[in-house]
Amino acid sequence: MNDFPARTTARPTARPTARPIAQAATDSVLAAWADREASRHRTELDRAESLRLLGSVSLGRIVFTQDALPAIRPVNHLLHHGEVIIRTHEGAALAGLTAHTEADGVVVAYEADAIDPATHCGWSVVVTGYCHLVTDPADLAHYEALLHPWTDHRMTHALRISPHLVTGVRLAPSRVAAERH
């Protein structure tokens with residue numbers, strides 16, 4: 001036999017107007033959300049346009065695996081012959097990973113964007129590929145001359161990301177949003 005008191009399943013009856021008012025409020029919130037979401041139009045960018053935009057900015061974020069977990073670091077870069085070049089310092093996690101890698105390199109993602117904080121319009125590009133430590137002294141000297149550190153670390157290494165997958169999107173005001181203003 002159950003020692004717990006029986007639970008009642010009866011629910012208090014709502015006032016007849018509560019559901020329509022609540023539904024109207026929900027509909028209003030959803031409509032406002034839909035209007036906000038519809039204010040931007042997303043366009044996929046091709047590889048060439050994505051790389052052009054990536055080359056137009058100097059800062060981005062590199063994503064790699066460290067101790068089986070994702071790690072993200074802000075870095076500056078340059079685009080050189082279709083490859084992303086970054087510099088890093090002695091002891092940096094990614095420099096250590098690339099120094100002890102196989103011929104394929106370390107799989108990384110690199111993301112850069114230019115999104116207006118007020119309108120949320122702009123673009124974002126993600127490059128996924130293999131990262132290698134630059135070991136040729138002439139290449140290293142060339143990248144040192146072109147890519148200057150933006151932090152106070154002494155940058156002794158350069159890394160080269162060969163893009164295998166390049167994706168990009170542009171967020172622009174939608175026609176609906178433009179017509180409202």
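Predicted model: local features only at pLDDT ≥ 70, side-chain atom pairs only at ≥ 80, totals over all residues.
Reader: Why is Arg160 called buried?

Author: Buried means under 20% relative accessible area, exposed over 50%, and partly exposed in between (1.4 Å probe, protein chains only). Arg160 comes in at 18%, so it counts as buried. Across the protein, buried residues make up 31% of the 181 residues.

Reader: Where does Arg160 sit, and what does it touch?

Author: Arg160 is in strand S7, residues 155-173.

Author: A salt bridge is a side-chain nitrogen of Lys or Arg within 4 Å of a carboxyl oxygen of Asp or Glu. Arg160 lies in S7 and Glu83 in strand S4, 77 residues apart. Glu83 has 22% relative accessibility, so it counts as partly exposed.

Reader: What makes the pairing of Arg160 with Asp139 a polar contact?

Author: A polar contact is a pair of N or O atoms within 3.5 Å; within protein, one must be able to donate a hydrogen and the other to accept it, and residues adjacent in sequence count only if both atoms are side-chain atoms. The side chains of Arg160 and Asp139 come to 3.2 Å, so they qualify.

Reader: Which parts does the salt bridge between Glu111 and Arg61 tie together?

Author: The closest N and O atoms of Glu111 and Arg61 are 2.4 Å apart. Glu111 is in strand S5 and Arg61 in strand S2, so the bridge ties together parts that are 50 residues apart in sequence. Glu111 is buried, at 15% relative accessibility, whereas Arg61 is partly exposed at 29%. Glu111 also has a side-chain polar contact of 2.9 Å with Ser124, a residue of strand S6.

Reader: How many salt bridges are there in the whole structure?

Author: A search finds seven. Another one joins Glu44 and Arg42 at 3.1 Å, N to O, and both of those residues are exposed.

Reader: What makes a group of residues a nonpolar core, and which members touch the most others?

Author: A nonpolar core is a set of buried Ala, Val, Leu, Ile, Met, Phe, Trp, Tyr and Cys residues joined through side-chain atoms within 4.5 Å. The largest one here has 21 residues, and Leu54, Ile62, Tyr110, Val127 and Ile161 touch the most other members. Among the elements that each supply at least two residues are helix H2 (47-55), S2 (59-66) and S7. A second, separate core has seven residues, including Ile85 and Leu147.

Reader: Why do the buried residues of H2 line one face?

Author: The buried ones are Ser50, Leu51, Leu53 and Leu54. Seen down the axis of H2, they fall within an arc of 160 degrees, so they line one face of the helix. That arc is taken from the directions from the helix axis to the C-beta atoms.

Reader: What caps the N-terminal end of H2?

Author: Asp46 does, with a side-chain oxygen 3.3 Å from the backbone nitrogen of Ala48.

Reader: How do you know that S2 and S3 pair?

Author: Two strands pair if DSSP finds at least two bridges between them. S2 and S3 have eight, in the antiparallel sense, so they pass. Leu59 stands opposite Asn76 in S3. The two strands form a hairpin with two residues between them, and Asp67 in the turn has a positive phi of about 55 degrees. S2 also pairs with S5 in the antiparallel sense, over three bridges, and Val63 has Ala109 as its bridge partner there.

Definitions and conventions: Residues numbered from 1 in each chain as written. Heavy atoms only, no water. Helix = DSSP H or I, 4+ residues; strand = E, 2+ residues; numbered from the N terminus.
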